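Here is a short briefing for a first look at this chain. Keep the sequence and the 3D view open while reading.

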Amino acid sequence: MNSPNRGEESPKEEPDRDKDAAEESESKRLLPSQSPSLSSDDENEVAFESREKVVIVDLETPESILNVDYVPPFSWKKLWLFTGPGFLMSIAFLDPGNLEGDLQAGAIAGYSLLWLLMWATVMGLLIQLLSARVGVATGRHLAELCREEYPTWARLVLWFMAELALIGADIQEVIGSAIAIQILSNGALPLWAGVLITASDCFVFLFLENYGVRKLEAVFAVLIATMALAFAWMFGDTKPNGKELLIGILVPRLGSKTIRQAVGVVGCVIMPHNVFLHSALVQSRDIDPKKRGRVQEALNYYTIESSVALLVSFMINLFVTTVFAKGFYGTKQANNIGLVNAGQYLEEKYGGGLFPILYIWGIGLLAAGQSSTITGTYAGQFIMGGFLNLRLKKWLRALITRSFAIVPTIVVALVFNTSEASLDILNEWLNVLQSIQIPFALIPLLTLVSKEHVMGVFRIGPTLENLISRGSYGMFCSKCYLYSSVSSLLSFCHQW
């Protein structure tokens with residue numbers, strides 16, 4: 001007799017298999033869905049491909065394997081591996097718009113706004129840590145989460161506002177680089193030529209990115225070091241008053257004549273596009289979101305790294321503000337000084353020495369402009385890709401996002417090329433524009449980072465949420481209802 005076919009199953013086994021399949025299907029349905037960054041790359045836009053991420057080398061122990069909540073002990077080697085995203089993020093605190101706000105605050109308000117600069121940096125650090133928390137804990141960046149959590153019309157409004165803020169920031173950054181090129185070429189290259197040279201930075205960015213994330217981060221470290229050295233040199237040459245500097249940091253003062261400079265200081269320190277950028281940059285490290293201990297470890301290292309990065313940025317901003325406070329506060333030039341003519345005024349007052357201060361200023365300004373335009377291109381890719389879920393080749397996406405900002409910048413350069421005063425006023429009002437745009441990035445961040453279904457155990461509590469919300473309200477939108485109006489609107493959209 002022939003033995004039964006092994007492919008055949010008894011009638012009793014078939015219901016059991018159907019039951020098991022049904023239970024498996026149901027269990028998959030009830031499990032929380034994985035983040036898009038972990039799913040197929042063909043379906044969702046991701047900040048970094050798996051092959052692009054930095055692998056955090058670690059020695060697995062029995063405890064770390066069995067316990068998902070286990071947080072490995074501190075390691076200097078790991079801190080070095082996590083170092084990078086925070087310094088790229090800090091570039092937005094050092095762009096030419098910041099330098100414009102710093103020098104005008106120093107020249108017009110003296111040392112009196114240093115306290116505001118310090119607390120704006122502290123508030124900026126808290127906001128950026130929340131942005132990093134979103135990126136690490138969810139495996140998605142803020143623009144992606146906004147796409148999923150808000151209705152289409154609200155998502156498009158948020159995307160438009162983010163692009164508007166990015167364009168405003170990029171105009172300042174490209175113009176700043178063009179001014180620096182003009183200074184260092186002794187006026188041989190006009191402003192529009194500097195704009196075209198700076199516009200090519202997206203190709204430099206793509207070239208550097210091909211060599212890996214760590215190489216790109218190393219280039220930015222060199223640019224930040226260049227800025228720090230240049231402006232520290234200026235600080236040493238001018239020898240600002242130490243006592244007045246300390247009083248300016250510790251004693252809050254705000255006069256009616258310095259309101260615009262105060263708003264500009266806050267607007268240029270905290271950049272809306274930077275909130276989206278940091279949540280994507282932290283995903284350049286390979287972290288398993290299923291292991292809560294590993295997520296907490298990454299957050300601990302990113303907290304240290306971001307704090308150090310923003311301390312460096314605060315010191316650089318402090319150097320610039322105090323140099324111009326010492327040299328021009330209370331003088332006739334105070335109301336006329338701006339990014340375009342600042343180098344000339346510095347040369348007239350402090351020229352000579354081992355190395356002319358005009359060129360020191362130009363080198364620092366060029367480093368600030370070039371680094372910030374590249375990170376702006378980076379941020380533009382994440383914002384556009386996240387909100388619109390675009391699956392484009394990197395060179396094409398960089399070209400599109402660069403064109404969004406470079407076309408208005410060329411127009412500005414041609415229109416304002418012959419009017420230094422008008423260009424400086426434009427830069428000042430662009431800083432104010434950044435202040436107005438802050439709620440459109442901050443409110444979605446605070447809303448999403450406090451939601452348990454988004455963040456799980458890493459959501460923030462109501463105390464921290466209220467602290468940041470109230471602090472932001474008081475600093476950004478005192479004497480106006482914009483912040484509360486945007487907050488109410490976006491909260492309604494999220495619930496709806």
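The points below run from the whole chain to single residues.

This is a predicted model. The chain has 22 helices and two strands. Of its 496 residues, 53% are buried.

**Overall build**

- The chain exposes about 22400 Å². Carbon and sulfur atoms supply 62% of that area.

**The largest nonpolar core**

- The largest nonpolar core holds 131 residues.
- Which members touch the most other members? They are Met227, Phe231, Phe324, Leu346, Trp361, Tyr378 and Phe387.
- Helix α15, residues 292–328, gives the most to this core, with 15 residues.
- Leaving aside residues up to four places away in sequence, Met227 touches Ile91, Leu94, Ile316, Gly364, Ala367, Ala368 and Ser371.

**Aromatic pairs**

- The whole structure contains 11 aromatic pairs.
- Phe324 and Trp361 form an edge-to-face pair, because their ring centres are 5.6 Å apart and their planes stand at 70 degrees.
- Phe324 lies in helix α15 and Trp361 in helix α17 (residues 357–388), so this pair ties together parts that are 37 residues apart in sequence.
- Are these two residues buried or exposed? Phe324 is buried, with a relative accessible area of 0%. Trp361 is buried too, at 0% relative accessibility.
- Phe328 and Tyr345 also make an edge-to-face pair. Their centres are 6.0 Å apart, with 65 degrees between the planes.
- That pair links distant parts of the chain, 17 residues apart. Phe328 belongs to helix α15, and Tyr345 belongs to helix α16 (residues 342–350).
- Both Phe328 and Tyr345 are buried.
- Ring pairs also link Phe74, Trp76, Phe82, Tyr301 and Tyr302 into a cluster.

**A charge over a ring**

- Which residue lies over the face of Trp80? It is Arg214, at 5.3 Å from the ring centre.

**Transmembrane regions in the record**

- An unreviewed UniProt entry lists residues 114–136, 156–183, 189–207, 219–236, 308–329, 350–368, 399–417 and 429–449 under "transmembrane region".
- In the model, residues 219–236 are 100% helix and 0% strand. The end C-alpha atoms of this stretch are 26 Å apart.
- Residues 308–329 are 95% helix and 0% strand. Here the end C-alpha atoms are 30 Å apart.

**Loop residues with positive phi**

- Asn186 has a positive phi of about 60 degrees, although it is not a glycine.
- Where is Asn186 found? It sits in the loop between α8 (152–184) and α9 (191–199).
- Asn186 has 60% relative accessibility, so it counts as exposed.
- Lys239 is another residue other than glycine with a positive phi, near 50 degrees.
- Lys239 lies in the loop between α11 (213–238) and α12 (242–250).
- Lys239 counts as exposed because its relative accessibility is 60%.

Conventions:
Residues are numbered from 1 along each chain as its sequence is written. This is a predicted model: local features need pLDDT of at least 70, side-chain atom pairs count only at pLDDT 80 or more; totals for chains, interfaces and linings use all residues. Side-chain values use heavy atoms; hydrogens and water are left out. A nonpolar core is a set of buried Ala, Val, Leu, Ile, Met, Phe, Trp, Tyr and Cys residues joined through side-chain atoms within 4.5 Å. Buried means under 20% relative accessible area, exposed over 50%, partly exposed in between (1.4 Å probe, protein chains only). Helices (H or I, at least four residues) and strands (E, at least two) are DSSP runs, numbered from the N terminus. Contact means heavy atoms within 4.5 Å. Accessible areas come from the Shrake-Rupley method with a 1.4 Å probe; for residues, only the protein chains shown count as cover. Rings of Phe, Tyr and Trp (its six-membered ring) pair if their centres lie within 6.5 Å; planes under 30 degrees apart count as stacked, over 60 as edge-to-face and the rest as tilted. A charge sits over a ring if NZ of Lys or CZ of Arg is within 6 Å of the ring centre and within 35 degrees of the ring normal. UniProt positions are given in the numbering used here, feature names are shortened, and annotations may be inferred rather than shown by experiment.
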